[in-house]
Amino acid sequence: MTKRVFLEAHNIKNPYFGFGQFNYHLIKGLYTANVDDFKMVIHAKDITKLKEEFGDYFEYKKYYSHRRYPLFGIRKKYDVWHSLNQNIKIEPQSVSPYLLTVHDVNFIDEVSSDAQHHRNLRFQKKLNRSTAITYISEYAKRSTHQYFKVPKVPEFVIYNGNPIQSTKIEGGFVPKYTTKRPFLFTIGECTPRKNFHTLVNMLKELPEYDLVISGNQNTDYAKEKLAACIKFENLEKRVILTGKINAIEKQYYLKNCAAFVFPSLREGFGIPPIEAMRFGKPVFLSNNTSLPEIGGKHAFYWDHYEPKYMADALLKGMATYLSKKDWYSEQYIKRAQSFDWNKAAKQYIEVYKTILHNL
């Protein structure tokens, strides 16, 4: 009888957010791997679109929101159940071999550090039922062990891949929002942990640069703290807020920026810096959580967020980069290419096989 691996991947419906990106690119990598010794079942809302792209390589089960409630959980038993992120509420009713992928435990800082908080209890329950656990970074693994009781099961660190494979842009393309001056670029949902207001404070010390910030800006942080900071520093003409952007627009900014800047306070992995390095661009990152692990030894890091310090570190880093621009660009590109979704998918397949063979 053919064994089946169930991929709880309904977050694939949000293609512009981290979990959606993870779901889609992992599934695409699993498709490329062309596995024939077991079958995979995708659990998603829009299965028609997925069938058009992947055909009958996968089996499909349609997502319904009521399955979030235990009484309506999925009853069919699968040989492996893979929960593709730690926030998923949908669980199997049966006791199945269970693989959990942990992206981060940032909810400890952002929601509550109380072990009895319902969010933390739900996550601990997922850990307890796990047959194996994968983490997207060593930091994600380390912080999970710091705050939770991790069962003695096989654990694996599997890095995400870089979704940008080609750096080519259609000739003459220019996005709606841009500048003719040298600019710094960053992207992400405008929330407090992204810490984007520190870039605005830094910008007043860097009169030669503009700043482009992309991502969802329909947030309280963007409308209040970030907007107030821009107004206070009188930088309305030098800070460009694009809102959400598509893939071509993002590639334009990555290709044309002077540097990529990412002062995030907490990242389970951090794909945007890898995307920037794929274009050979210098990256300036917070020296915390997973970012040093991802950025590597040739990235530049901020230890704190005092504006003059940040500006001086950027100018010094830019001078270092420009002194050997071709060499640094080559190193960045090599590092970006080392993060590969096809490689990651093969590692997940080996984890599936390990669990299946131990049944």
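A residue is called buried when its relative accessible area is under 20%, exposed when that area is over 50%, and partly exposed in between. The exercises below apply this definition to a predicted model.

**Exercise 1.** Determine in which element Tyr328 and Tyr332 lie, whether they are buried or exposed, and how their rings are arranged.

*Solution.* 
Step 1. Helix α12 (residues 325–338) holds both Tyr328 and Tyr332; they are four residues apart, about one turn of the helix.
Step 2. Both Tyr328 and Tyr332 are buried.

**Exercise 2.** State how many aromatic pairs the whole structure contains, and classify the pair Tyr159 and Phe269.

*Solution.* 
Step 1. The search of the whole structure gives 29 aromatic pairs.
Step 2. In the pair Tyr159 and Phe269, the ring centres are 6.1 Å apart and the planes stand at 45°, so this pair is tilted.
Step 3. Tyr159 belongs to the loop between β7 (155–157) and β8 (183–187), and Phe269 to the loop between β11 (259–262) and α9 (271–278); the pair therefore ties together parts 110 residues apart in sequence.
Step 4. Tyr159 has 31% relative accessibility and so counts as partly exposed, whereas Phe269, with a relative accessible area of 3%, is buried.
Step 5. To complete Exercise 1, the rings of Tyr328 and Tyr332 have centres 6.2 Å apart and planes at 35°, so that pair is tilted.

Key: Residues numbered from 1 in each chain as written. Predicted model: local features only at pLDDT ≥ 70, side-chain atom pairs only at ≥ 80, totals over all residues. Heavy atoms only, no water. Phe/Tyr/Trp six-rings, centres within 6.5 Å; stacked < 30°, edge-to-face > 60°. Helix = DSSP H or I, 4+ residues; strand = E, 2+ residues; numbered from the N terminus. Buried < 20%, exposed > 50% of the residue type's maximum accessible area, 1.4 Å probe, protein only.
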